[in-house]
Amino acid sequence: MKTLRLILGDQLNRDHSWFETPREDVLYLMAEMRQETDYVLHHIQKVVGFFASMRNFESELQSLGHEVRYFRISDPRNPQNLPDLIQRILEKEPIGRFEYQFPDEYRLDIQLRNFCNSLEIPWQAVDSEHFYTERDELTTFFKGKKQLLMESFYRMMRRKHGVLMEGSQPLGGKWNYDRQNRNAWKGTPAVPSVFTTGRDVSDLLEEIRKAGIRTLGSIDPKKFDWTTSAEEARALLSYFCEHLLPFFGAFQDAMHTGEKYLFHSRISFALNSKMISPAEVVDTVESYHRKNPEKVHISETEGFIRQILGWREYMRGVYWREMPGYSEKNYLKNLNPLPKFFWTAETGMNCLRHAISQSLETAYAHHIQRLMITGNFALLVQANPEEVDRWYLGIYADALEWVQLPNTRGMSQFADGGIVGTKPYISSANYIHKMSNYCKDCQYDPKERLGPKACPFNALYWNFLHAKRDVLADNPRMGMMYRLLDKKDPEELEALTQRAAQVIEHPEQF
């Protein structure tokens, strides 16, 4: 009798203890499924990226002597959903035990647990051996505390794992260099050429299209840039350290029409599919800094590591602490539809047109584009967070619900009422003008609040504060905003709310 072990599409960790030694009594199961392609409308590059990575992983396991049963999306024997898939193998193979790694998405966790509870053979769920933390570690850390402060969690993680530490003190003397990492990029220093795999995915793309899978976005099948193997991920990480890390921190919040990626690593897809571990990424970046302190300042290194050791683990902890109710939170009671131009980029607002068209073209946008351009606008027009969730989950190659949901519904849309963020992340055109060159060639003026040339973000910003006063005015971090709102001339405020209403009701006209 054999043990059947399930490997999900985001569990491509060849360093897992499962794979230390090939065993004749173990059969691994992998599958490309409509269950996963169809639960939300995904970007074509996301689907291609996961399928290509899964196929590479299957080939690698086979080459190492492991027995793998792999079902492609086009296989007529593929039932296209997990329960039927597993049941089919159990009926056709001499299986006496079933094992799987804990999924990172709640829907899959429930699906597999319910399925296993009906099994007549022994079964076991094991850790994915990927994250620094256990699922409930954040919950335990914040037990009895009123607020989930990421900074305190991050410092605990630094101490516990000995990252960027000198004894008991933070390397460089400070825990956080965020204030040094808010520079706009104005053309210098020059951005190195983009790391690319140059992979041809034409055959896979044709297979996906023949299967009838609906997707969004575009793809160049001859030049697929997402990493699809551990080797490519490590090459990308090495390239980042050598060429991009020296400037990452200072310009991590910057946006520019001439550069899609600036100094960002683009390692998130490889991380979230588990081709590379967060510990390996963090250790590699810290090691590079310690060997090259004259080239890479501590502020650049800390800014990057905070996103992985701090924010990424924090998001996962919040997700498992708050699910399943977190996915239904709508603290601000926003119910407006998400503007249709989020799927086309057809808008006169240059910042949105650029950020959305880049997302459609590359399945990528960095955290400030997601938070302060698309997310900011969605919140200001008071879009239903459920629609916002679906858009973010579908359009980005690195988006899996465990990390997307708390970032979107929490950090971006404040739909959780302050579990993740202490205040809504909203801004007028001023912030966008400061951190990008988007406003330069826009038909709207970032300094105008009213009139046909006024940037819509300005009216939307003041309207949002006015509309949400009952729930936000007592927030201590919103005090200055409401004091400024209270100084507005009533006639001007009325004009601003009317302008905002036009944008909300007819966004296609702007």
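**Close-up 1. Helix H11 against helix H15.** In this predicted model, helix H11 (residues 298-322) and helix H15 (residues 401-412) have axes that come within 8 Å and cross at roughly 85°, the axes being lines fitted to C-alpha atoms, for helices over the stretch in contact, with angles that run from 0 to 180 degrees between N-to-C directions. That angle makes H11 roughly perpendicular to H15, on a scale where angles under 35 degrees count as roughly parallel, over 145 as roughly antiparallel, 65 to 115 as roughly perpendicular and the rest as oblique. Helices (H or I, at least four residues) and strands (E, at least two) are DSSP runs, numbered from the N terminus. On the H11 side Trp311, Arg312, Met315, Arg316, Val318 and Tyr319 meet Glu401, Trp402, Val403, Leu405, Pro406, Asn407 and Met411 of H15, where contact means heavy atoms within 4.5 Å. By class, the contact of H11 with H15 has 9 nonpolar, 1 polar and 3 charged residues; Ala, Val, Leu, Ile, Met, Phe, Trp, Tyr, Cys and Pro count as nonpolar, Asp, Glu, Lys and Arg as charged, and the others, Gly among them, as polar.

Residues are numbered from 1 along each chain as its sequence is written, and side-chain values use heavy atoms, with hydrogens and water left out. As the model is predicted, local features need pLDDT of at least 70 and side-chain atom pairs count only at pLDDT 80 or more, whereas totals for chains, interfaces and linings use all residues.

**Close-up 2. Helix H8 against helix H11.** Helix H8 (residues 230-248) packs with H11 at an angle of about 100°, their axes being 7 Å apart. H8 and H11 are therefore roughly perpendicular to each other. Phe240, Leu245, Pro246, Phe247 and Phe248 of H8 make the contact with Glu300, Thr301, Gly303, Phe304 and Gln307 of H11, and the residues of this contact divide into 6 nonpolar, 3 polar and 1 charged.

**Close-up 3. The two sides of helix H3.** The buried residues of helix H3 (residues 82-92) are Leu82, Leu85, Ile86, Ile89 and Leu90; buried means under 20% relative accessible area, exposed over 50%, and partly exposed in between (1.4 Å probe, protein chains only). These residues cover an arc of only 135° around the axis, which puts them on the same side of H3, the arc being that of the directions from the helix axis to the C-beta atoms. The face of H3 turned away from this buried side carries the exposed residues Glu91 and Lys92. Against the buried residues of H3 pack strand S1 (2-6), strand S2 (26-31), helix H1 (34-38), strand S4 (67-71), strand S5 (95-101) and helix H4 (106-116).

**Close-up 4. Phe457 and the largest nonpolar core.** Of the 152 residues in the largest nonpolar core, Tyr314, Phe377 and Phe457 touch the most other members; such a core is a set of buried Ala, Val, Leu, Ile, Met, Phe, Trp, Tyr and Cys residues joined through side-chain atoms within 4.5 Å. H11 supplies the largest share of this core, 10 residues. Not counting residues up to four places away in sequence, Phe457 touches Met349, Cys351, Leu352, Ile373, Asn376, Phe377, Leu380, Ser427, Ser428, Ala429 and Ile432.

**Close-up 5. Tyr100 and its surroundings.** Tyr100 is found in strand S5 and is buried, with a relative accessible area of 2%. Leaving aside neighbours within four places in sequence, Tyr100 is in contact with Leu6, Trp18, Leu112, Arg113, Cys116, Trp123, Gln124, Ala125 and Val126. The C-alpha atoms of Tyr100 and Pro507 are separated by 46 Å, the two residues being 407 residues apart along the chain.

**Close-up 6. The cover of helix H14.** Helix H14 (residues 385-395) is mostly covered, 8 of its 11 residues being buried, namely Pro385, Val388, Asp389, Trp391, Tyr392, Leu393, Gly394 and Ile395. The elements that cover these buried residues include strand S3 (42-43), helix H2 (44-63), strand S9 (215-216), helix H12 (350-362), helix H13 (367-380) and H15.

**Close-up 7. Backbone details in the loops.** The peptide bond from Met323 to Pro324 is cis, with omega near 5°, and Pro324 has its place in the loop between H11 and H12. Gln382, in the loop between H13 and H14, has phi near 60°, a positive value in a residue other than glycine, and at 12% relative accessibility Gln382 counts as buried.
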